[in-house]
Amino acid sequence: MITMNGTAARLGVGSKESGDSLLLYGSYARVDYNATSDIDILRIATHRARGERMHEHVSIHTYDIKDLIAMAKQGSLFILHLLREARPLQDPREFFSELRNAFVAPKSYASAAKAALTPASPLLNISEPLFQRSAQTFM
């Protein structure tokens, strides 16, 4: 587990006593960040709170564990990316394991990707044959 060395306290989020989990995700978790990258932290709480906070170059996104579990059961791409890439900074209640256990992958993300891209397809000039040949590149 990566340590934060007091960073949570300085940012005013997720003390261990609160039971909140903090996950590093995005470019810093994948280790493909650059000088303009921000640090993305997901705070998992047991209650709904404000969605996003910024502190210098740190973005803190807060989600209720119940909402994340519901997203996992629906096979959310966001949850899939978290499971593949996120790095727990602190996880006293093992919320990350709960997400992994609740995740149900759909047979394919192609229909969801197509539905998301359809409104933009005239702008992107994505034809049906191109989508069928290269669906993975659009997800």
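Trainee: Is Glu 85 buried, exposed or partly exposed?
Mentor: Glu 85 has a relative accessibility of 22% and counts as partly exposed. Buried means under 20% relative accessible area, exposed over 50%, and partly exposed in between, with a 1.4 Å probe and protein chains only. This is a predicted model, in which local features need pLDDT of at least 70 and side-chain atom pairs count only at pLDDT 80 or more, while totals for chains, interfaces and linings use all residues. Residues are numbered from 1 along each chain as its sequence is written, and side-chain values use heavy atoms, leaving out hydrogens and water.

Trainee: Which residue forms a salt bridge with Glu 85?
Mentor: Arg 30 does, with the closest N and O atoms 3.3 Å apart. Arg 30 belongs to helix 2 (residues 27-30) and Glu 85 to helix 4 (residues 77-85), so the pair ties together parts 55 residues apart in sequence. Helices are DSSP runs of H or I with at least four residues, numbered from the N terminus. A salt bridge places a side-chain nitrogen of Lys or Arg within 4 Å of a carboxyl oxygen of Asp or Glu.

Trainee: And how many salt bridges are there in the whole structure?
Mentor: The search finds 4. Among them is Arg 30 with Asp 32, at 3.1 Å between the closest N and O atoms. Asp 32 is partly exposed at 44%.

Trainee: Changing topic, what meets Lys 66 in a salt bridge?
Mentor: Asp 64 does, at 3.3 Å from N to O. Lys 66 is exposed at 54% relative accessibility, whereas Asp 64 is buried at 4%.

Trainee: Which residues are joined into one network?
Mentor: Arg 30, Asp 32 and Glu 85, through salt bridges that share partners.

Note on methods: Helices (H or I, at least four residues) and strands (E, at least two) are DSSP runs, numbered from the N terminus.
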